[in-house]
Amino acid sequence: MTSEVVLMNRQTVAMAADSAVTISGAGYLKTYNSADKLFQLVEGQPVAVMIYNNAEIMNVPWETVISLYRDHSNGRPLDTIDAYAKDFMNFLSGNPDLFPAEHQDTEYFKMVAVIFSYIAHEFDRQLRQFRESGQGNARQHANSILDFVVDQLHTDYQLNIDDTQRADLECFPQAMEEQVRRRYGRDIDDLIASLADALQGDVSGLRVSDDTREKLRDIAAWVATKDAFFEHYTGVVFAGFGRQERFPSMRSYLTSNVVLGILKHRQDRAADISADGAPVIQPFAQDRMIRAFITGMDQNLRMFMFGETLKLTYNLLADVINRAPGVTDTDKQKMFEDYSENNLNHALMSFFRTVDAYQYQVHTLPIFRAIQNLPKKELGEMAASLVKLNSLQQKMTASVETVGGPVDVAVITRNGGLEWHKESAAL
């Protein structure tokens, strides 16, 4: 993993990234503090790019890909950061020399295999939990458990967390799903058969139903086309100044594999500074301590407080209603439902809006005001310090130190271009 941040005010962009890389496998876990994650995108131009989550795309190091793009661009300036980002994505899509068709096929199968491996792992976990619960013979319920696991993932590919419909990615043509099914249909069936054989080898008598097989075919196609990045992916962040931009901009993308000649990607976040706009603090990857610094409160603590406040108020409401004399149980239940759905919900939301407003005014706004006026040297130092906060937090806890090492900093101005700094790991 990693920790990265982009800070922007009207005259400067500061990008900072740690240098830790974690390599894991069966029985080992090793962290090195020498990885490069922040690069100049185009020679001589005030624009940089940084990566997080996965250091390679289709077995090619991102450092190599960025270097090839830099040679391809040959110092050519573009009007906006948005244009740089889109040009880079197009470079990856339209590059059969870098990603030949056979290599794309192989990497697509790997992408599906990652998702099928997740299904097998989740099936094993659910089966183990059922055994431990003592609710019955696990083997007799194995078919239902597998159907449930596949159905859950099938639903996740169709619906977002808020139950809205998950869209197809805009980077692909409208008929992309059909093209994937036509191109890889037989191979998908072979992968499903391999998954079924593996599961049946562990659980004798397990049957993979026709309905479940059809859902697995859907999942294999949606791995490529749906706006979901459940497989291994890389975040790619661009920031700096385009030729026509007076103030800095930032664009970030989620990227995966090149499938049938098109890179699976979507824009994740965007920020543009204006003459009267607020500064930007945008953390990426492991960002817990950065967000705590910005808001003055750990977000996990805030969620815990919300849950505990909700329980407290519901218990108090129930206690008061139950103590009301001369009220039937039916009326008490109706009073509880009416009040909890209306007055109590409004009161809780109003309370946390007040807390958030106080938090912003007292803690966040002064930080924004300071960043708005920081000179470039100090902005770079602040970006490095924010990354180090995540590293320090991991050093002080029992977690694996997946953030650490020297911090690379790129400070970019329109006149001065890109300047490099390297900060030590210690705060």
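Biologist: Which residues of β9 point one way, and which the other way?
Modeller: In a regular strand, side chains alternate between the two faces of the sheet. In this predicted model, G235, V237 and A239 point one way from β9, and the residues that point the other way are T234, V236, F238 and G240.

Biologist: Is strand β9 largely enclosed by the rest of the structure or exposed?
Modeller: Buried here means under 20% relative accessible area, and the residues pointing either way from β9 are all buried. Because seven of the seven residues in 234-240 are buried, strand β9 is largely enclosed by the rest of the structure.

Biologist: Which residue of β9 is the bridge partner of M50?
Modeller: Strand β6, residues 47-52, pairs with β9 in the antiparallel sense, and six bridges link the two. Within β9, the bridge partner of M50 is V237.

Biologist: And in β10, what is the bridge partner of T234?
Modeller: β9 and strand β10, which covers residues 249-259, run antiparallel and are joined by seven bridges. T234 is one of the residues of β9 that are buried, and its bridge partner in β10 is T255.

Biologist: Turning to the whole protein, what percentage of its 427 residues is buried?
Modeller: The protein has 10 helices and 14 strands, and its C-alpha atoms fill a box of roughly 75 × 65 × 45 Å along the principal axes. It exposes about 21700 Å², with carbon and sulfur atoms supplying 51% of that area. Of the 427 residues, the buried share is 45%.

Key. Residues are numbered from 1 along each chain as its sequence is written. This is a predicted model: local features need pLDDT of at least 70, side-chain atom pairs count only at pLDDT 80 or more; totals for chains, interfaces and linings use all residues. Side-chain values use heavy atoms; hydrogens and water are left out. Buried means under 20% relative accessible area, exposed over 50%, partly exposed in between (1.4 Å probe, protein chains only). Helices (H or I, at least four residues) and strands (E, at least two) are DSSP runs, numbered from the N terminus. Two strands pair if DSSP finds at least two bridges between them. Accessible areas come from the Shrake-Rupley method with a 1.4 Å probe; for residues, only the protein chains shown count as cover.
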